[in-house]
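Me: Hi! I'm new to this one and would like a friendly walk through some of its side-chain pairings. Can you help me get started?
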Amino acid sequence: MLSVCMATYNGAQTVARQLNSILPQLGAQDEVVIVDDRSTDDTVAVIKQTVATSDVHVRLSVNQVNQGPIKSFARALQQAQGDLVFLSDQDDIWFEDKVAQVVAAFQCQHADLIVHDGVVVDAKQQQIAASWNQYNHNQLPQSVTNNLLKNGYTGAMMAVSQRLLQYALPFPEQIEMHDQWLFLVAQRYHLKTVVLPQPLMKYVRHGDNVTGMQRRGLATMLRGRWRMWRAYRQLSDK
């Protein structure tokens, strides 16, 4: 069984396109878990209309108050029942072989965390870069130290095992990035990480993205990294 976890917020213009790239790749035994973060546009209505005729089981819930992407993803991941769980943003476009490629890596390489590359496009789907990892200067795979200096693991391009989620959830309050946390947990418990070099989706950068666009001051960045390091060091030996 596969799960796709998506956090949405004011994504009425793009979420149907993304769901239509995902749903045909799933079977009736699979699920999509969507947590909407109190959108003020028609996101929820668009989701309901898009999934109405799908054979895939879709569970949609709405936060009572706006909580931000980390807590929204945490809520979705806590509901996921699949052996392999994909993370999805609301505004990207999956290639039609993404699920098959990632599932093959999960099964053949016994991976607990899989990350792949993406083609970077703008809002009109015009290509910006052929590789997100090169464009963003991601150095993969990474050590824990290098990851804390600059996280190269992008949640929208990740899938994780249910086993990894059992270690990673619930998310500590102090973490600043859920994708980085999943990588750090995998490293802490010696769970296998696999990096697929090929792009498996269009990664849409339009300036309004909820994740992947933050530019912070040095002091803010250092405080965030310190919090992540402390959370990592506090992981138990379970």
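**Salt bridges and a buried glutamate**

Reply: Happy to! In this predicted model, a salt bridge joins the side chains of arginine 163 and aspartate 112 (2.6 Å, N to O). The pair ties together distant parts of the chain, 51 residues apart: arginine 163 sits in helix α7, and aspartate 112 in the loop between α4 (98–108) and β6 (113–121).

Me: Is aspartate 112 buried or exposed?

Reply: Aspartate 112 is buried, at 4% relative accessibility. Arginine 163 counts as partly exposed, at 48%.

Me: How many salt bridges are there by this rule?

Reply: The count comes to four. One of them links glutamate 176 and arginine 225, with their closest N and O atoms 2.7 Å apart. Glutamate 176 is in the loop between α7 and α8, while arginine 225 belongs to helix α9 (residues 218–233).

Me: Are those two buried or exposed?

Reply: Glutamate 176 is buried, with a relative accessible area of 16%, and arginine 225 is buried too, at 13%.

Me: What does lysine 71 pair with?

Reply: Lysine 71 forms a salt bridge with glutamate 173 (3.7 Å, N to O). They are 102 residues apart, with lysine 71 in helix α3 (residues 69–79). Glutamate 173 is exposed because its relative accessibility of 66% is over 50%.

Me: New topic: where does glutamate 31 lie?

Reply: Glutamate 31 is part of strand β2 (residues 31–36). Its relative accessible area is 1%, so glutamate 31 is buried.

Me: Which side chain does it have a polar contact with?

Reply: That would be arginine 59, at 2.5 Å from the side chain of glutamate 31. Glutamate 31 also touches other residues, including Met1, Leu26 and Gly82.

Notes
Residues are numbered from 1 along each chain as its sequence is written. This is a predicted model: local features need pLDDT of at least 70, side-chain atom pairs count only at pLDDT 80 or more; totals for chains, interfaces and linings use all residues. Side-chain values use heavy atoms; hydrogens and water are left out. Helices (H or I, at least four residues) and strands (E, at least two) are DSSP runs, numbered from the N terminus. Buried means under 20% relative accessible area, exposed over 50%, partly exposed in between (1.4 Å probe, protein chains only). A polar contact is a pair of N or O atoms within 3.5 Å; within protein, one must be able to donate a hydrogen and the other to accept it, and residues adjacent in sequence count only if both atoms are side-chain atoms. Contact means heavy atoms within 4.5 Å. Lists of a residue's contacts leave out its neighbours within four places in sequence.
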